[in-house]
Amino acid sequence: MNKRHAMKFLLVVLVAAAAPALAWGPVSHIALTYEAGAKNGFPVSSDLVGAYLAGSTEPDIGLDDGKSEDYGTYHSENFAKAMENVAQSKKSPDREILLARAAGIRSHLAGDSAAHGKAGYAEAKKMFHGNQTGLPNHTTNELVVDMIMYDRNKEALKKQSLNFIDVDTLIEVRKEFTRMTGHELANNRDQLKKELLNHKALVLTELSIAHHLSTSDPLKLKQMKEEYSDLDEGTTDGNGANKAIARISEQAKPSEDLSKFKTGNKGFQIKNYLENSLLAKSAQALERGALKLTKSAIIRDSLQNFASGKVEAARNKAFVNFGVNLLNKNLTFKQAVFLAGKATSGYPNDAAQKLAYLEIEAEALKSQRDKALADYNNRPWWKFWLIFTFSDKKKYEQLELQYQAKLREIEQTHSQIAAAKAALPDSDADYAAAVVECTTSNVVCNSAAPSLEELQAAVAAAYKKYVAASEAQDQARIKEAEQELLEARERIKAAMPQ
Ligand SMILES: [Zn+2]
């Protein structure tokens, strides 16, 4: 796989989830199916788990561009039945493998049924208290959940294989489906073959990203799990992993011949391992460069540029940035989220939300600066060229400048927020109204009326001064006016009838 190909597959992972109909990402389907089996029993023997788990992802074949004509077909009970019918015409072990695959398809449908639509976890879950992140909510949730679900089952999944369907068998099943339902399907072999390859690459690339993240950045995974601590139970209006696992277990009826099936054929076992071993496959994906890509800044940039050409919506571009940020160990999970959105959509208009972004950016710059300073201070003697170029010192100084600039921006946004708060004239209008009421109707007030009017004028003047100072961004005058305004308000309050 050359770099361009590797890039393409990373993108496929990131863009695939754009399909609004998905409920769980592919790794989640595998992990939920596995967890249901580990908890309540697998409907198939260990020799068939590879086909069972791969089958649990296969209804989403063809969705790598975000849509598939076959979505409805593959997500139907009839498709699983058609597969079982075709299986009956096969010899062992192909027969059992195809039956196990059909059980996997049913597991996918059961898992989806617990999480579709608005009440599904991927849709209902909001990160960071619903703060605007600039990321597509559903897609981002799916990817994060995939990473968490893999991490939860890493030890077990590493030992599994994934046995995906081949194009000829797929066509047989599609024809059987048409025979059963009368629903015509175009069986373009080349097209289907391409979809199968993409699906396999998508699942394996995502698994290798998940594996990489879980082994190289446990801290970020911990942060992700904290933010998604409601994954099992679901949000108040979202159905979580527990429900999906329960639904999968409900329909996973063990059948005698599948649970007891053992292939005595050593050749088959070795071939199956070589072709389908998850660890071997995801290690290959790693070696081929899918992840090396994200380690190099140049390639990272070109991936992001490549994405801007291919991906239309700003939120999907943000999502590509998010995928790249996720693999950047220098960023926390929160930084990975917010910086991705900001890179494409800029800051939110709301000043308070903008402030949150700025603070996250400052945090990231500060840790980069500290790292650069440590690198400079601990420069190893053999990096003699740095004595002449001072590039490590320059790097530190540049980061320091950026950090300071960010702090100033934060300061400005703070005063913007303060000014906006002060610009609410409600309370002053209330006071003014109260003063008028007082002067016209109350004897006690009447005697104090001239001074009350004076006090009211003082409030108005202080307020005007405050607005002018805020507009000029003059911190000293803002503070002064704030104080005057406060005092004038206190005086007027004190003069009011109790
Ligand atoms: Zn699905």
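The model is predicted.

**Helices H8 and H11**

H8 spans residues 137-152, and H11 spans residues 189-216. The two helices pack at an angle of about 65°, and their axes are 9 Å apart. Angles of 65 to 115 degrees count as roughly perpendicular, so H8 is roughly perpendicular to H11. The crossing of H8 past H11 is right-handed.

From H8, the contact draws on Asp146, Met147, Tyr150 and Asp151. H11 meets them with Glu206, Leu207, Ala210, His211, Leu213 and Ser214. By kind, the residues of this contact are 5 nonpolar, 2 polar and 3 charged.

**Nonpolar cores**

The largest nonpolar core holds 90 residues. H11 supplies its largest share, 9 residues.

| Core | Size | Named residues |
|---|---|---|
| Largest core | 90 residues | Most contacts inside it: Leu32, Leu48, Met83, Ala100 and Met147 |

Leaving aside residues up to four places away in sequence, Leu32 touches Trp24, Gly111, Met149, Ala241, Ala244, Ile245 and Ile248.

**A cis peptide bond**

Most peptide bonds are trans. The bond joining Ser92 and Pro93 is cis, with omega about 5°. Pro93 sits in the loop between helix H5 (77-88) and helix H6 (94-113).

Key: Residues numbered from 1 in each chain as written. Predicted model: local features only at pLDDT ≥ 70, side-chain atom pairs only at ≥ 80, totals over all residues. Axes fitted to C-alpha atoms, helices over the stretch in contact; angles between N-to-C directions. Helix = DSSP H or I, 4+ residues; strand = E, 2+ residues; numbered from the N terminus. Parallel < 35°, antiparallel > 145°, perpendicular 65-115°, else oblique. Left-handed = near helix turned anticlockwise from the far one by under 90°. Contact = placed C-beta atoms within 7 Å. Nonpolar A, V, L, I, M, F, W, Y, C, P; charged D, E, K, R; others polar. Core = buried A, V, L, I, M, F, W, Y, C linked by C-beta atoms within 7 Å. Buried ≥ 20, exposed ≤ 12 C-beta atoms within 10 Å, placed from the backbone.
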